[in-house]
Amino acid sequence: MKANCWYGKEDVRVMDVPDPKILNPRDAIVKITSSAICGSDLHLYDGYIPSMMAGDILGHEFMGEVVETGNFVRNLKVGDRVVVPFTIACGSCFSCQLQLFSLCENSNPNAWMAEKLWGHSPSGLFGYSHLVGGYAGGQAQYARVPFADVGPLKIPEELTDEQVLFLSDILPTGYMAAEQCNIHAGDTIAVWGCGPVGLFAIQSAYLLGAERVIAIDRVPERLRFAREKLNAITIDYEDANVYDTLMDLTAGRGPDACIDAVGMEAHMPGLLYAYDRVKQALMMETGRPIALREAIMACRNGGTVSIPGVYGGLLDKIPVGAIMNRSLTIKTGQTHMHRYMRPLLDRIQKGEIDPTFVITHRLPLEEAPNAYRVFRDKQDECIKVVLKPHGGAGVNGGRSVNGASGNGAPH
Ligand code: NAD
Ligand code: ZN
Ligand code: ZN
């Protein structure tokens, strides 16, 4: 089969690789009909996640058709259409019983590696380094899905791939980011980052009752999107001081909750950015927590900082004094996917959410290497790429990445 494989920093290639096989009676094999590229994949692409190996198959946002099931998989049959959650969970361990599925204790065979870095191990993840299991990912024609009796969500025929694909990650992720804010009527929520995760966090914050959402980014089309399609107030962090503007908008009190939907590769004009870039390049810190620092400083006293943005290891100059002295609550985590998929599918079916709005590019799998670059560099107004591993509807209607007209944004 064909798969998009990681070979090093900024080096991904579509290769012929062996087809996956059932290894465990709880496995299923899925023929992938749609697969997306995530902001999390960019951290791999840019070389910031340790323990990747040449040839690793990327991708963790995928769906398709069940083509084979292990003996213990009774809930699925060949031909079923499913969306696969990016977190792999057994469904019955201590963490899974607490519905903390991204902390499953049985799905990371390399838990010892994660324990060295983080003290304890989270769950395994598809296509996201050996630290979290070394599982082959879903930017491929087929994937082996472990614990298939627990994770994959069956999709009714009448819904299109594009309507449900983002149940695999970014829709639940944006939703959990907003849910963690414990929103009350009248609340103002600020969201750093208007990528796909930030956009779904904005939408979810309104769904959960926020009165105002303030969105921060600098990419013009993403800010326009947040403003015009999602009714957010926007701040371009290159034009305005974010802290001062947030204070002006909240009568000096600060937003009730702040969401960091940027993560470890944040950008910022000015000196502190250069400081973080150099330290990150020298491996003296593993991320540039620029948005996180701002979110902590801006959040109102007693408020919540929710962090869906991914961080890998050690960060510098995090204002813990502000967190402690101002009674802030920090909430974070890889998304506990299995908790959110069915309720969000119900909302899609009822027409309350239409996640297709983020898709700007539909491309065959073979174009993945170009698509990574275009998405990373915010060229061609790219917000979300859907790859079609077996061709099919939509590919020809999508934009080609050739001739992309970038805005030259560094990353
Ligand atoms: P993305 O790269 O498309 O979006 C990030 C956005 O942040 C960009 O639009 C960028 O311009 C903006 N940005 C950069 N610096 C900024 C700053 N200082 N202030 C405000 N905005 C800034 O990525 P995405 O797909 O939207 O993902 C966002 C983050 O969420 C990533 O870190 C990703 O790894 C993470 N993520 C986490 C989970 C989870 O389970 N917790 C799941 C999916 C993605
Ligand atoms: Zn993702
Ligand atoms: Zn478990």
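The site of the zinc ion (ligand 3) is tetrahedral, with angles of 102 to 116° among its four donor atoms; four donors count as tetrahedral if all angles lie between 85 and 135 degrees. Ideal angles at a metal are 109.5 degrees for four tetrahedral donors. The ion is coordinated by Cys90 (SG), Cys93 (SG), Cys96 (SG) and Cys104 (SG), at 2.3 to 2.4 Å. Donors are N, O and S atoms within 2.8 Å of the metal (3.2 Å for Na, K and Ca), and water is not among the atoms, so sites may look incomplete. Along the sequence, the donor residues of this ion have the spacing C-x2-C-x2-C-x7-C. Cysteine 90 and cysteine 96 are both buried, where buried means under 20% relative accessible area, exposed over 50% and partly exposed in between (1.4 Å probe, protein chains only).

This is a predicted model, in which local features need pLDDT of at least 70 and side-chain atom pairs count only at pLDDT 80 or more, while totals for chains, interfaces and linings use all residues. Residues are numbered from 1 along each chain as its sequence is written, chains are lettered from A and ligands numbered from 1 in the order in which they are written, and side-chain values use heavy atoms, with hydrogens and water left out.

Next come the helices. Helices (H or I, at least four residues) and strands (E, at least two) are DSSP runs, numbered from the N terminus. Helix α5 (residues 170–179) packs against helix α12 (residues 337–349) at an angle of about 105°, with the axes 9 Å apart. Axes are lines fitted to C-alpha atoms, for helices over the stretch in contact, and angles run from 0 to 180 degrees between N-to-C directions. The helices α5 and α12 are therefore roughly perpendicular to each other, a term for angles of 65 to 115 degrees. On the α5 side, Leu171, Pro172, Tyr175, Met176 and Glu179 meet Met337, Arg339, Tyr340, Leu344, Arg347 and Ile348 of α12; contact means heavy atoms within 4.5 Å.

Helix α10 (residues 290–298) is largely enclosed by the rest of the structure, because seven of its nine residues are buried. The buried residues are Ile290, Ala291, Leu292, Arg293, Ala295, Ile296 and Ala298. They pack against several elements, including β11 (188–192), α8 (242–249), α9 (271–281) and α11 (320–325).

Some loop residues remain. Leucine 131, in the loop between β8 (124–125) and β9 (142–145), counts as buried at 6% relative accessibility. Leaving aside residues up to four places away in sequence, leucine 131 touches Pro50, Ser51, Asn108, Asn110, Met113, Ala114, Leu117 and Trp118.

Most residues other than glycine have a negative phi. Serine 327, in the loop between α11 and β16 (329–332), has a positive phi, near 55°. Phi of aspartate 380 is also positive and near 55°. Aspartate 380 lies in the loop between α13 (368–376) and β18 (385–388) and is buried, with a relative accessible area of 12%.

Methods:
Parallel < 35°, antiparallel > 145°, perpendicular 65-115°, else oblique. Tetrahedral: all angles 85-135°; square planar, octahedral: opposite > 155°, others 65-115°.
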